[in-house]
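This briefing goes through selected features of a protein model, grouped by topic. Please keep the sequence and the structure in view while reading.

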Amino acid sequence: MTSHEIDYRIYGEEMQYVEIELDPQEGVVAEAGSFMMMDDGIKMETIFGDGSQNDTGFLGKILGAGKRILTGESLFMTAFYNDLVGKRNVSFASPYPGKIIPIDLSRFGGKFICQKDAFLCAAKGVSVGIEFSKKLGRGLFGGEGFIMQKLEGDGMAFVHAGGTMAMKELKAGEILRVDTGCIVGFDQTVDYDIEFIGGIKNTVFGGEGLFFAKLQGPGTVYIQSLPFSRLAGRVLASAPRAGGKSKGEGSVLGGLGDLLDGDNRF
């Protein structure tokens, strides 16, 4: 294997974290801000790009970091190494309620494509790159943009899905239509395109956007029930406005409704 062979265990139900067990000299790379805790003896190092073997040399490191800028991620990643004798553990937490999905890249032909904010951590040696859309419609109307992340290698990687996760095994020619924001990732054999919903009423009054993501098998697809953009939109819609009041649960009762609801912030 070119990637480090790591063991892991996932804890929790709705707010999960993954514990990575590192043998001596093994390492794992993670997104900045996902670190939770680690045993004594683990060395932490901030690196350009993903630290994979493809990023050797100064130019390779610059290109690796540049790939991350294009996907909207931080310029740096963090690597954790076990420098002592014996096993050591390091843990990484999910950023919001949902599920952590373990991806064995060796079972996906060495490549897995995911949303740009889905990646959590991976074994040292896994390459975190970019996947450009080759189709104009997907690039212009994909909702999440025409740039996705691709994870390459033969080790373990971990991605995060918001809410409840659904895994679909598509047969050859089988089509699944999905909200563009609900896609977590899929393997390289799946064909991904954008499809117009159609119909005047659907377009104007549907409230579901103008386009579906069209996924055609064969291959495995992971779907999330709660994209972060949807969660953030609901939070912002309920947040207090400048100079105004919050959108309470009291409906037409206003402040009285808040009082009955147990909201005593006055």
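Methionine 37 lies in strand S4, where strands are DSSP runs of E with at least two residues, numbered from the N terminus. This is a predicted model, in which local features need pLDDT of at least 70 and side-chain atom pairs count only at pLDDT 80 or more, while totals for chains, interfaces and linings use all residues. Residues are numbered from 1 along each chain as its sequence is written, and side-chain values use heavy atoms, with hydrogens and water left out.

**Surface**
- At 40% relative accessibility, methionine 37 counts as partly exposed, the class between buried (under 20%) and exposed (over 50%), with a 1.4 Å probe and protein chains only.
- Strand S4 (residues 35-38) contributes four residues, the largest share, to the nonpolar patch.

**Sheet**
- Six strands form an open sheet with antiparallel pairing, in the order S11-S12-S9-S16-S19-S14; strands pair if DSSP finds at least two bridges between them.
- Strand S11 (127-132) and strand S14 (165-170) each have a single partner strand, so one side of each is left without a neighbour in the sheet.
- Strand S9 (residues 111-114) pairs with strand S16 (residues 183-187) in the antiparallel sense over three bridges, and isoleucine 113 stands opposite phenylalanine 186 in S16.

**Aromatic rings**
- The count comes to seven aromatic pairs, a pair being rings of Phe, Tyr and Trp (its six-membered ring) with centres within 6.5 Å, and planes under 30 degrees apart count as stacked, over 60 as edge-to-face and the rest as tilted.
- Phenylalanine 108 and phenylalanine 112 have ring centres 5.3 Å apart and planes at 70°, so the pair is edge-to-face.
- Phenylalanine 108 counts as buried at 14% relative accessibility, and phenylalanine 112 counts as buried at 0%.
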